[in-house]
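Please look at the sequence and the structure below, and keep both in view while reading this report on charged pairs and on one helix.

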Amino acid sequence: MCGHLSCRHFSQEEILRIKEMSKAGIQPHQILSSLRQGNPHLQVVSRNIYNQISKIVKESLARRPVIQALLEELGEGGFTYNIEYDHEGHLTHLIFAHPLSIELTKSYSYVFVRDCTYKNNKYMMPLLDIVGVSSFNTSFYSCFVFMQNEKEEYYVWALKMFSKILGVDNHPMVIITDSELALMNAIRIVFPSTSNLLCVWHIEKNILANCKAYFEEEVDWIDFISTWTILIQSPNETSFNEAWSRFEVKYKERKFVLKYILSTWLPYKEKFVSAWSEKVTHFGNCVTSRAEGAHATLKKYLQVSTRGLREVKEKICLAIENQFQEIKTQLSSEKVRVVTHVSRFALNELYNQHEASSSCDLPSLCKGQFLKTMGLPCAHMIKEMNIEVLQLNDIHPQWRIDRRLFVNDRHVSLDNERDQISGLLLEIKDKYEKLPLTQKEGYQKATFSTKRGPSKFEIVEKAQKCARQVCHFFIYLLILSTMVMIIYIYV
Ligand SMILES: [Zn+2]
């Protein structure tokens, strides 16, 4: 057995490593394994690591109350924050936004999803988070609010603070929430010009909880839900009114169910029925699942639900910093790979519209829904253009990757891009022409047999990866040249 002091106590170097690893969200048992690799004679258990972490936390407080330490750290870290106490001096709400989150929020200030998450701190304060949408259709944390409870006045306070983060006169176009009256009222007060859409998934969950018991047969319940779905997908007011009349007749015997739908959901129909919600630029967000996904990610960072607010804030910082780095990396990499001004996600949507424009299934009448909700030209517009290019102005700024100020390599000149892409095409064309005829035909067949892949850009990327192999150049040329002709965008 090792009797040396270094086997039972942590060295200064080990304490420093414990501090760093714990800050990075690494679990005590993993910290222990890592330390043992450096010092195989170390005779400590996980409990010692826990104790050392508590000691580090205590020392960092430097006799300050936890809240004071938290506020000082928020200030030192460049956070935007605010705090409120009740008349007895208890904390009622605290909002904070990481400087990186503020950059993202100002850059993508159009659509936000908000939700509350629970059981993430030892004070059991609900944590309201507001989640934004990037050019790549990924999510980012905008700001967090610890609230004593979910009263309307607290929501008003939180949204006023959020409004300050967004900046003067910068109101979001859309905020998607669940059907919480206090929050809906607060949005109306603070952001009167913002559309507040309700999550259709949450509505269905509520209907299930309140109405399912009134349907004895499963088959009747399934029929009810599909009738409801048809109702909420009504494309215009007339068809909604007709669908509602049929709904009323069909369920007139189920008085409770009809009364529940009529009193609970009908007053808010404009917030979730397609006839109204599809006139709003929500970028495809009709549910709050984006915020729930963000919660799941956050919980992975938090690991346990008994942390203090200060520790929760530290873990949130970790999550935000990683998220910001991911968006930044994606911006840089898409600029290099896709060589354009808009994100790969938006190009993919455009490509699908381009495909739809030549399909015989394309409805003859354009309802303008895709353009309005996604901020991108629809199949009808592409068909009508009958020209080779789209204008950059036709693309909503949300999808632009050349406008984002938080990237260092923020501008690649358009001329360079054109030169790069035309040079590449010439090279590919040249190599294609030298291919044996059989190989050309083989690849032509293969191209037509993969009719609709999940993502055209994945094909482009795959083709790019294989571009060194001459036999793959045809597919690359075909897709890339289509992209260039149809959706390469000029300023
Ligand atoms: Zn259309």
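Across the whole structure, a search finds five salt bridges, where a salt bridge is a side-chain nitrogen of Lys or Arg within 4 Å of a carboxyl oxygen of Asp or Glu. Side chains of opposite charge can pair when their charged atoms come close. This is a predicted model, in which local features need pLDDT of at least 70 and side-chain atom pairs count only at pLDDT 80 or more, while totals for chains, interfaces and linings use all residues. Residues are numbered from 1 along each chain as its sequence is written, and side-chain values use heavy atoms, with hydrogens and water left out.

| Pair | Distance |
|---|---|
| Arg 114 and Asp 178 | 3.3 Å |
| Glu 218 and Lys 212 | 3.3 Å |
| Asp 223 and Lys 250 | 2.9 Å |

By contrast, Asp 223 is partly exposed, with a relative accessible area of 33%, and Lys 250 is partly exposed at 44%.

Turning to helix 3 (residues 28-38), its buried residues are Pro 28, Ile 31, Leu 32, Ser 34 and Leu 35. Seen down the axis of helix 3, these buried residues fall within an arc of 165°, so they line one face of the helix, the arc being that of the directions from the helix axis to the C-beta atoms.

Note on methods. Buried means under 20% relative accessible area, exposed over 50%, partly exposed in between (1.4 Å probe, protein chains only). Helices (H or I, at least four residues) and strands (E, at least two) are DSSP runs, numbered from the N terminus.
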